[in-house]
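Please look over the model below before reading on. The points that follow take up its salt bridges, its cores and its backbone in turn.

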Amino acid sequence: MKAVRKKRVLVVDDEAAIGRIVSIGLRVFGYEVITSGSGKESLGLVESKKPDIMLLDVFMPGMDGFEVLRKLRETSKLAVIVFSAHNSSCEEALRLGANGFIAKPFTPEQIARKISDVLQAVAK
């Protein structure tokens, strides 16, 4: 019997503490988690690690989440959930091709449910 591969989530946030907290929470829900502290690094990880979905913070130094999303959409249909403490970012993120938005703060249960919903939607 073939083992089922865990869904791989790439968490992109310049705040390391948030990345750790989200990672721990998602692992509890059975996800494999990769973290990145920068937009530029995250684009390379999409190529090398082949995640099933990306959780992307909007406000980061250097390449922000919107720029990451623009660049990603040039070559990839990877599912992306944007997260931010600023609800005003939601409309722009969706316009740029995000598959979902979740406002900070969120619980591990909320983010796991959102990931499941988005992965189901893109699989259809």
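1. Is E32 buried, partly exposed or exposed? E32 is partly exposed, with a relative accessible area of 30%. Buried means under 20% relative accessible area, exposed over 50%, and partly exposed in between (1.4 Å probe, protein chains only). The model is predicted, so local features need pLDDT of at least 70 and side-chain atom pairs count only at pLDDT 80 or more, while totals for chains, interfaces and linings use all residues. Residues are numbered from 1 along each chain as its sequence is written, and side-chain values use heavy atoms, with hydrogens and water left out.

2. E32 has a partner. Its side chain meets that of R8 in a salt bridge, at 2.9 Å from N to O. A salt bridge here is a side-chain nitrogen of Lys or Arg within 4 Å of a carboxyl oxygen of Asp or Glu. This pair links distant parts of the chain: E32 is in strand β2 and R8 in strand β1, 24 residues apart. R8 is buried, at 18%. Helices (H or I, at least four residues) and strands (E, at least two) are DSSP runs, numbered from the N terminus.

3. The whole structure holds 4 salt bridges. One of them joins K104 to D57, with the closest N and O atoms 3.5 Å apart. K104 lies in the loop between β5 and α5 and D57 in strand β3, so the pair ties together parts 47 residues apart in sequence. K104 is buried at 18%. D57 is buried at 3%.

4. E92 and R95 also form a salt bridge, at 2.8 Å from N to O. Both lie in helix α4 (residues 89-95), 3 residues apart, about one turn of the helix. E92 is partly exposed at 25%, and R95 is exposed at 59%. Elsewhere, salt bridges that share partners join D13, D57 and K104 into one network.

5. The largest nonpolar core has 22 residues; L10, M54, L56, L69, L72, V80 and V82 touch the most other members. A nonpolar core is a set of buried Ala, Val, Leu, Ile, Met, Phe, Trp, Tyr and Cys residues joined through side-chain atoms within 4.5 Å. Two or more residues come from each of β1 (8-12), α2, β3, α3 (65-75) and β4 (79-84). Helix α3 gives the most, with 4 residues. Another core lies apart from this one; its 18 residues include L55, A79, I111 and V118.

6. S23 is buried at 3%. Leaving aside neighbours within four places in sequence, S23 is in contact (heavy atoms within 4.5 Å) with V33 and T35. Just after α1, G30 takes a positive phi of about 90°.

7. Two backbone features deserve a look. Most residues other than glycine have a negative phi, and most peptide bonds are trans. K50 is not a glycine, yet has a positive phi of about 50°. K50 sits in the loop between α2 (39-49) and β3 (53-57), and is exposed at 52%. The peptide bond from K104 to P105 is cis, with omega near -5°. P105 lies in the loop between β5 (100-103) and α5 (108-123).
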